[in-house]
Amino acid sequence: MSQTAGTTGNEDEVGAFVSMENLQPFAKVVFGDGAHEVARCGDGLTLAYRPEGNAGDWTSLGMQLEEGWPRIGGGIILSQSDALERFVRTHVVKIEESRDDGATEFKLEDVAWLVRNTDEQNLVEIRVGSGAWTTVKIKELSLEKDKDRAVAALVKVSPDLEMEVSADMCGWAERLGAGAQIVPVL
C-alpha cells in the first residue's frame with residue numbers, strides 16, 4: 001500500500017508518493033499515554049508511525065528524522081483524532097461556576113463560552129461569545145465532568161477552532177514531543 005506523504009521541506013517532494021509497505025521500526029516514541037513505533041518509508045527519508053503492538057497500517061508523518069524528535073513526537077500527537085479536544089482541555093479555564101441561569105463560563109484564549117446541562121446526559125446547551133444558545137449532542141460524559149463536557153461542546157460547534165488555535169497547538173504538541181522518551185528498536 002502506498003500513501004501520499006506530506007511535504008518534507010523540499011519543494012520538489014510535494015505530493016510525492018512513498019512506499020508504506022514492509023516497514024521496519026527503528027525507534028519507539030513513548031508518551032505517558034502510550035507508545036508508537038517509527039519507521040522510514042520506502043524513500044528512506046520520510047517517517048511513518050503506528051501504535052506500538054499494532055500490526056496494522058502505518059501513517060506517514062511527512063517528516064524526516066533531521067527535523068528532530070520533539071517535532072516528530074508533536075506530529076504524532078497532532079495526528080491523533082482527539083488532538084484538538086486534548087489541547088482545549090489542557091488550556092481551558094473555568095471562569096464562573098453556577099451562574100443564575102445555571103450555566104458555567106469557560107475561556108480559551110479569546111474564546112469565551114457558556115455551557116449548561118439539559119435533562120439528557122448527552123445533550124448540552126452552549127453559547128459562544130454573544131451568540132445564541134445552541135443544543136448539541138456530545139459523547140456521554142458524567143455530569144461531574146463539566147470541563148470535558150464544555151470542551152466537547154465547543155469543539156462540536158466551532159468548525160474553525162482548530163485553525164484558530166493551530167499555531168498554539170503545534171507549539172503545545174512539540175513541547176509534549178520533547179518530553180517523550182525515544183527508545184531504539186533493534
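The entries below go from confidence to sheets, a helix, salt bridges and one arginine.

**Ground rules**

I am working with a predicted model, where local features need pLDDT of at least 70, side-chain atom pairs count only at pLDDT 80 or more, and totals for chains, interfaces and linings use all residues. I number residues from 1 along each chain as its sequence is written, and side-chain values use heavy atoms, with hydrogens and water left out.

**Confidence**

I began with pLDDT, the predictor's confidence in each residue, from 0 to 100. The protein chain has a mean of 86, and 90% of its residues reach 70 or more.

A contact here means heavy atoms within 4.5 Å.

Next I traced the strands, taking two as paired if DSSP finds at least two bridges between them. I read an open sheet of 5 strands in the order E7-E8-E9-E10-E11, with antiparallel pairing. Strand E7 (93-96) and strand E11 (134-137) stand at the edges with a single partner strand each, so one side of each is left without a neighbour in the sheet. The twist averages 35° from one strand to the next. Helix H3 (residues 146-157) packs on this sheet and touches E7, E8, E9, strand E10 (123-128) and E11; its direction makes about 65° with that of E10. For such angles, axes are lines fitted to C-alpha atoms, for helices over the stretch in contact, and angles run from 0 to 180 degrees between N-to-C directions.

Within the sheet, I looked at strand E8 (residues 104-108) and strand E9 (residues 111-117), which pair in the antiparallel sense over 5 bridges. Thr104 has Val115 as its bridge partner in E9.

**Around strand E3**

How many bridges join E3 and E4? I get 6, in the antiparallel sense. The two strands form a hairpin with 2 residues between them, and Lys28 stands opposite Glu37 in E4. E3 also pairs with strand E12 (residues 181-184), antiparallel over 4 bridges. There, Val29 has Ile182 of E12 as its bridge partner.

**Helix H2**

I then listed the buried residues of H2: Ala83, Leu84, Glu85, Phe87 and Val88. Buried means under 20% relative accessible area, exposed over 50%, and partly exposed in between (1.4 Å probe, protein chains only). What do these buried residues pack against? I found H1, E8, H3, helix H4 (161-164) and helix H5 (166-178).

**Salt bridges**

I searched the whole structure for salt bridges (a side-chain nitrogen of Lys or Arg within 4 Å of a carboxyl oxygen of Asp or Glu). The search finds 9.

One of them joins Asp33 and Arg86, at 3.6 Å from N to O. Asp33 lies in the loop between strand E3 (25-31) and strand E4 (34-40), and Arg86 in helix H2 (residues 83-91), so the pair ties together parts that are 53 residues apart in sequence. Asp33 is exposed, at 57% relative accessible area.

Glu67 pairs with Arg71, the closest N and O atoms being 2.2 Å apart. I have Glu67 as partly exposed at 24%, and Arg71 likewise partly exposed at 39%.

Glu85 and Arg89 meet at 3.9 Å, N to O. They are 4 residues apart in helix H2, separated by about one helical turn. Glu85 is buried at 17%, whereas Arg89 is partly exposed at 29%. Salt bridges that share partners join Glu85, Arg89, Lys139 and Asp148 into one network.

**Arg50**

Is Arg50 buried or exposed? At 14% relative accessibility, I count Arg50 as buried. Arg50 sits in strand E5 (residues 46-51). Not counting residues up to four places away in sequence, Arg50 touches His36, Glu37, Ala55, Gly56, Asp57 and Trp58. I also noted that the backbone oxygen of Asn54 lies 2.9 Å from a polar atom of the Arg50 side chain.

Methods. A polar contact is a pair of N or O atoms within 3.5 Å; within protein, one must be able to donate a hydrogen and the other to accept it, and residues adjacent in sequence count only if both atoms are side-chain atoms.
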